[in-house]
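User: I would like to learn how to read the features of a structure one at a time. Please give the general idea and then the case at hand.

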Amino acid sequence: MASSTASYPVVDIHTHMYPPSYIKLLSSRTTVPYIHQPSSPDADPRLIILASDDDASRPKSARGRPVDSTYSSFDEKRRFMTTHGITCSVISLANPWLDFLDPASALPTAQEINDDLERACVENNTSSAHAGLKLYAFGCLPLSASAKDIVSEIHRLKSLPHVKGVIMGTTGLGKGLDDPALDEIYAALASTSTLVFLHPHYGLPDSAFGGPEVIAKSGHVLPLALGFPLETTIAVSRMYLSGVFDRHSQLEFLLAHSGGTLPFLAGRIESCVAHEREFVANGGHKQGPQRSIWEVLHSNIYLDAVIYGQPGLKAAIEAAGSVDRVMFGTDHPFFPPLGNKDEKWLSVESNKGAIDGSYPQDEEAKKKMLGGNAVRVLGLEL
Ligand code: URA
Ligand code: ZN
């Protein structure tokens, strides 16, 4: 079902792919993250990437999620864009990125994937067959490699014109985003004006949800609906509390899923800091964050609009300080329709509907969130 194209850009800043080389890599593994190829040729391979996916009480052919060509095909991406009236997609590698690679292979793998993404964008954007559909990308970083290699890839990405930032998870170098060892990386990201698209993968420990048996009863609902957003919230709160945004005041992050629960909890974080006796400002001995969480939200943080409902989107806009810092996304190819994949996706329509419903009378605000902000913030040429 084709959609009529809007007269303004509709930019999807949260849209993933696993390039064929990455599918091959996951298919060569038998521990999380991996792809299992069922023996029946008619069955889709299974994507087993979350720790809770690898449930030993189920056959491998029923673990995780089916993974079809929508995960790796640019033609499928373009088909999806056309169906939903999306004029530009900023593609990113999906979780768990390169987190699990051994240090020696991390840099060459990152370079190969980033070069592949750049090439695909060039091919797409110069082909008359795809006129009206533009592609850009967020690159990936070799986070298990040495700091020197990570910094060198951050600098090299600036030479790839279609790469408009980097995607990464919440583990950083393995100890979280408040790890002082990341200072060198943050300095490189800030000095190159590289936007970081922060995305969850690890969720919360199974015990937070009552254990694997409870999780299994509702499949991915608890890990994806709650584990993912809370992981993002905790990661950014730890960064904030450790003074990352004080030391790197130019650092810019785009938070997946409208910042998890950060918009809702920012006031509580601010209040707990103000009342914390450990912090110097309150008579303690530890340096607390110097800047208010609101200032950080309004100057260092952008939020996507992948929240599927108006209350969450309104909280995101309010916490971000204005509609200028919130950007439309789809999370394609995740959350496909469970029936006919050719119809419009419920997940996409929910996100678009939340944007439409939040500002029914304000066309300019909607256009900004649907694409104008992404064009401005990422410097897209459309
Ligand atoms: N599930 C995932 O594993 N990743 C996403 O980005 C969305 C859903
Ligand atoms: Zn995503």
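Analyst: A polar contact is a pair of N or O atoms within 3.5 Å. This is a predicted model. Here an N or O atom in the side chain of His 199 is 3.0 Å from an oxygen atom of ligand 1. The protein covers 99% of the 240 Å² of accessible area that ligand 1 has on its own.

User: Which residues are around ligand 1?

Analyst: A residue is counted here if one of its heavy atoms lies within 4 Å of the ligand. The residues around ligand 1 are His 16, Ile 49, Arg 65, Asn 95, His 199, Leu 224, Phe 228, Asp 331, Phe 334 and Phe 335.

User: How does the shell around ligand 1 divide by class, and which pocket is the space taken by ligand 1?

Analyst: The shell has five nonpolar residues, three polar ones and two charged ones. The space that ligand 1 takes is the largest pocket.

User: What is the peptide bond from Asn 95 to Pro 96, cis or trans?

Analyst: Most peptide bonds are trans. The bond from Asn 95 to Pro 96 is cis, with omega near 5°. Asn 95 is also one of the residues around ligand 1. Pro 96 belongs to the loop between strand E5 (88-93) and helix H3 (103-125).

User: And the peptide bond from His 332 to Pro 333, cis or trans?

Analyst: That bond is cis, with omega near 5°. Pro 333 sits in the loop between strand E11 (326-327) and H12, and helix H12 covers residues 346-358.

User: How should I read the phi of Asp 331, as positive or negative?

Analyst: Most residues other than glycine have a negative phi. Asp 331 is not a glycine, yet its phi is positive, at about 70°. Asp 331 is in the loop between E11 and H12, and it is among the residues around ligand 1.

User: Is Asp 331 buried or exposed?

Analyst: The cut-off for buried is under 20% relative accessible area. Asp 331 has a relative accessible area of 4%, so it is buried.

User: What is the phi of Tyr 308, and where does Tyr 308 lie?

Analyst: Tyr 308 has a positive phi of about 65° and is not a glycine. Its place is the loop between strand E10 (301-304) and helix H11 (310-320). At a relative accessibility of 32%, Tyr 308 is partly exposed.

User: What does the side chain of Asn 351 lie 3.1 Å from?

Analyst: A polar atom of the Asn 351 side chain lies 3.1 Å from the backbone nitrogen of Ile 307. Asn 351 is in helix H12. Because its relative accessible area is 0%, Asn 351 counts as buried.

User: Where is Tyr 18 found, and is Tyr 18 buried or exposed?

Analyst: Tyr 18 is in the loop between strand E1 (11-17) and helix H1 (20-27). With a relative accessible area of 0%, Tyr 18 is buried.

User: How far apart in space are Pro 223 and Ile 13?

Analyst: Pro 223 and Ile 13 are 22 Å apart, C-alpha to C-alpha, and 210 residues apart in sequence. Pro 223 is in helix H7 (residues 221-241) and counts as buried at 10% relative accessibility.

How values were computed
Residues numbered from 1 in each chain as written. Chains lettered and ligands numbered in written order. Predicted model: local features only at pLDDT ≥ 70, side-chain atom pairs only at ≥ 80, totals over all residues. Heavy atoms only, no water. Polar contact = N/O pair within 3.5 Å; in protein donor to acceptor, adjacent residues only side chain to side chain. Areas by Shrake-Rupley, 256 points an atom, 1.4 Å probe, with all protein chains shown as cover. 1 Å grid on protein atoms, 1.4 Å probe; cavity = no way out; pocket = protein on both sides within 12 Å on 5 of 7 lines; lining within 4 Å. Sits in = over half its atoms within 2 Å of the grid points. Nonpolar A, V, L, I, M, F, W, Y, C, P; charged D, E, K, R; others polar. Helix = DSSP H or I, 4+ residues; strand = E, 2+ residues; numbered from the N terminus. Buried < 20%, exposed > 50% of the residue type's maximum accessible area, 1.4 Å probe, protein only.
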